[in-house]
Each structure stands twice: as C-alpha cells, then as structure tokens.
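Take a short walk through this structure.

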Amino acid sequence: MQNLLDFDAQGLTDWFAAQGEKAFRARQVLRWIHRFGETDFEAMTDVAKSLRAQLHEKACIVPPVPVRDSVSADGTRKWLLDVGSANAIETVFIPETGRGTLCVSSQAGCALDCAFCSTGRQGFNRNLSAAEIIGQLWLANRLLGATPNGERIISNVVLMGMGEPLANFDNVVAALNLMLDDNAYGLSRRRVTVSTSGIVPAIDRLREVCPVALAVSLHAPNDALRDELVPINKKYPLAELMAACRRYLEKAPRDFITFEYVMLDGVNDLDVHARALIALTRDVPCKFNLIPFNPFPDSGFKRSRPERIRRFGKILIDAGIVTTIRKTRGDDVDAACGQLAGQVVDKTRRTERRTVALMEAKS
C-alpha cells in the first residue's frame, strides 16, 4: 500500500499518472489530505467513486502514531511519535502570542554527535520518510483542533527537532514543498525554517531547489572550538560555511541568516568569543539567537549565567548585530532546545562506546 503522505504535489501527480488518472485528481486528493486532514477516501466527495475504490485498494494515509502527549506548565506541548522498529521521535508545539510554532524532527536520532545535544548523544538509526516528516505537521493540526476555515494554529514550522535536516535532503524537501503548497498548508517561505549544523553542499542545493529561511547552528567563533562542539566543522570549516551563507542569501526569502548559539558556561561565552563572532560574520547579514544551554544527564556542560548571556548579547548588539536571547520553553517536559531524545535504536553504537568510556574513566 502506498502511503500518500510520502508525496508532494509533483510526486502525487506522477503517481496518479501511473494509475492512468489526470493531474487534477492529484490536486483534489492533496487538498483533502493536507488542508482537510482527511484519511477516509470515501469522504473525498468530489473524487470519482471509481477512483475512491482504487485508492482503497492501492493507497493509505498513515501519519506517525502518538504514544505520549506531554504538556508543559508554559503551554508547550510535546508528542512522542512511534516510527517503527522500536524508534520514536519527538515533535514540539510552542504557542506564543500571535503565532504557534511547530518544531519538527527529520531523523530518528542524529549522526552528527554535537557535544551539547541530547539527541546526538543518543545515536542515530535512520532518516525519516517524507510521510513521517510532514505527518508531524498533519498530526499536530489534527490534535490541536485546526479546521480548514478556522484561524491557523500553526503559523510557523522549524525543522529543529531530532536530526540534521540537510542530511535527509530529498525527504525534507518533499515535506517542505507540501508546507509551502497552497493546496496543502500554504505557509510562507519566511515562516518555514531549516536549521543545519553546516553541510555546505546541501545548503547550496537547498538554495536552488527550495529556499526557505535558514538557521545555522554555529556555537563557536573559531574552527578549533567548533571542531570540538560541532564535529561536522572538521569537514566544512567556518570559512566555507560563511561563504555558503553568503551564497544562500542570494535567493533566500529573508535578508539575513539566523545563527544559533548555545551558551555554555566557560566554554564559548567569554567576551573574546563574542568579539570573534563579530569578525567572523562581518560579511554575512545575520541575527544571533543566543540559547541558554538546557542540561541533560552526563552532558558535561553547564548553562551560562544570565548576566554573562546578557553581556555577551550586548557586545553583539553594540556592534550592530540583531541579537535575541531565546526564552527557554518546555524544559519541564524535556521539550527545550537540545533536549529532544525520543527513543532510538542506535546503529552507530555511539551510546555503547560512550558508556564503556565512562565506566573506564570511573574505574
């Protein structure tokens, strides 16, 4: 059975063509699936009865299955979603005045192993399918009570959940296409953000095929420190990453890159680091989002003190760089930035190796 959530508009058109159906049938079904949140082919009343019968035989609409629904004291909502083979991912909805942001996962685990990230610490199993990515938005709309003609509950989507989106390029782009499609979710390119740790060739590809807002997980102002915190930097160092950011802005829907910067006490939060960031990004129109580190067991890091974060931000602001300090949301249900872990059957054996190393260090 073909899960129709796997298809963007072009993919669904091609699939219908293979069944001998015209392109407008794909547009009809796309609207029913994504705009109306429908899974029952019989309810698709403007679709020919004969086609509905075929769809029953050949297709299905199956999003990830929720296994846990947690609500934070601040209203942040986190879902644990079963994606099979003992793997589960996490999706987070953050309600704010005037907007609602959904944080979407793109992988079961993450292969990049950033030092301060709970997801990376858990290891990596596999890329999510397009159905599993867009299915998070489809499901959140339904669970939040969205209606086709009502006020939009989810106004922004950020691919900042579990995984590195640009390491799952094709499936992520298919999901992005649906988010932007007027027959599906109709979101503005400015309201859809892909966050990357800096896979330079994929940044260039995204610029060409589906430019949306771009956030880069920077976290260090020089290669030596970033090599330790964000290991992908060893392959794509900062000079290459900054050049890719400049190229991306040629077609980006926003006129700046957002640099995300987790504040780690005594590691990357000194005045000298802030000044180095100013020099590093001098030729890249940008804004900084300073993120207080959200602790998890055995992380080895501490959150920078509030006054240190404020001083760090002031140095950037005084240099003319728009800088915000992210308000920690949902940390009481482990839904804050860097805390998403889900359940991952680790194919990298990273968790096993780390456990052995810790035991040896304590012995």
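Start with accessibility: a residue is buried under 20% relative accessible area, exposed over 50%, and partly exposed in between (1.4 Å probe, protein chains only). This is a predicted model, where local features need pLDDT of at least 70, side-chain atom pairs count only at pLDDT 80 or more, and totals for chains, interfaces and linings use all residues. Residues are numbered from 1 along each chain as its sequence is written, and side-chain values use heavy atoms, with hydrogens and water left out.

Now find Ala86. Its relative accessible area is 58%, so Ala86 is exposed. Ala86 is not a glycine, yet its phi is positive, at about 70°. Ala86 sits in the loop between strand 4 (77-82) and strand 5 (88-96). Helices (H or I, at least four residues) and strands (E, at least two) are DSSP runs, numbered from the N terminus.

Move on to His219. His219 also has a positive phi of about 70° without being a glycine. Its loop runs between strand 11 (213-217) and helix 8 (223-229). His219 has a relative accessible area of 4%, so it is buried.

Next come the rings. Rings of Phe, Tyr and Trp (its six-membered ring) pair if their centres lie within 6.5 Å; planes under 30 degrees apart count as stacked, over 60 as edge-to-face and the rest as tilted. By this rule there are eight aromatic pairs. Trp32 and Phe36 are tilted because their planes stand at 40°, with ring centres 5.1 Å apart. Trp32 is buried at 16% relative accessibility, while Phe36 is partly exposed at 41%. Elsewhere, Phe259, Tyr261, Phe288 and Phe312 make up one aromatic cluster.
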